[in-house]
Amino acid sequence: MPQEPQIGGEQPLPLVRSLYNGEQIRAVFCNWSSRVVRPVWIDYHGKPQPYDILQPGTGRKMTTYIGHPWMFRDAETDEPLRVNCKEMYLPKPAEGGQPAFANITLPVLSLKERALQVVRRLVRPEDYRKLEIARCLHEELEDQPSVLKDLQRVSQRVEQHLLENA
């Protein structure tokens, strides 16, 4: 069983990370999307740890622990996907010994977000600035999806929520 790391007081641990909990659960990761999916476990230091990909329309039985967060990404583009309609899957105790299901789907995007996805797929990054579009869109195109950026954003939201409810 994995052990929670001991940190020697250098930097505080991130809020979004795996916590030591000896309670295993069975989970089934179900890829309902048309994308090849990369499950990403957030380790005890808050670092993303990629797992083997899931092909569209497939699933995988997993053993994980309560308190171990997971994110799901498009394996090709690193774009975030949804799991049970959320950004992150946090396993909870199973009811009646049944496995917990993590249903992976495409997010609902704004027209602008979807257009940026399509342009990123069709145009090479070095050609973004050649497009006759608003400068702010050039910058948004260059701001590629990243699990690290999304993890930082989620951590900031958790911290803000904790501060508001303190």
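**A chat about buried side chains**

Reader: Hi! Is Val 28 buried or exposed?

Author: Val 28 counts as buried because its relative accessibility is 15%. The cut-offs are under 20% relative accessible area for buried, over 50% for exposed and partly exposed in between, with a 1.4 Å probe and protein chains only.

Reader: Good. What should I know about the model itself?

Author: It is a predicted model, where local features need pLDDT of at least 70 and side-chain atom pairs count only at pLDDT 80 or more, while totals for chains, interfaces and linings use all residues. Residues are numbered from 1 along each chain as its sequence is written, and side-chain values use heavy atoms, with hydrogens and water left out.

Reader: Back to Val 28, then. Where is it, and what does it touch?

Author: Val 28 sits in strand β1; strands are DSSP runs of E, at least two residues long, numbered from the N terminus. Leaving out residues up to four places away in sequence, Val 28 touches Arg 60, Lys 61, Pro 99, Ala 100, Phe 101 and Ala 102. Contact here means heavy atoms within 4.5 Å.

Reader: And how many residues are in the largest nonpolar core?

Author: There are 17, and Phe 29, Trp 70, Phe 72, Tyr 89 and Ile 104 have the most contacts inside it. At least two residues of this core come from each of β1 (24-31), β2 (37-42), β5 (70-74) and β7 (100-105). Another core, of 8 residues, lies apart from it and includes Met 71 and Leu 151. A nonpolar core is a set of buried Ala, Val, Leu, Ile, Met, Phe, Trp, Tyr and Cys residues joined through side-chain atoms within 4.5 Å.

Reader: Lots of aromatics there! How many aromatic pairs does the structure hold?

Author: It holds 5. Rings of Phe, Tyr and Trp (its six-membered ring) pair if their centres lie within 6.5 Å; planes under 30 degrees apart are stacked, over 60 edge-to-face and the rest tilted.

Reader: Why is the Phe 29 and Phe 72 pair edge-to-face?

Author: Because the planes of Phe 29 and Phe 72 are at 90°, with the ring centres 5.0 Å apart. Phe 29 is in strand β1 and Phe 72 in strand β5, 43 residues apart. Tyr 51 and Trp 70 also form an edge-to-face pair, 4.9 Å centre to centre with 65° between the planes.

Reader: How accessible are Tyr 51 and Trp 70?

Author: Tyr 51 is partly exposed at 34%, whereas Trp 70 is buried at 2%. Ring pairs link both into a cluster with Phe 29, Phe 72 and Tyr 89.

Technical notes: Helix = DSSP H or I, 4+ residues; strand = E, 2+ residues; numbered from the N terminus.
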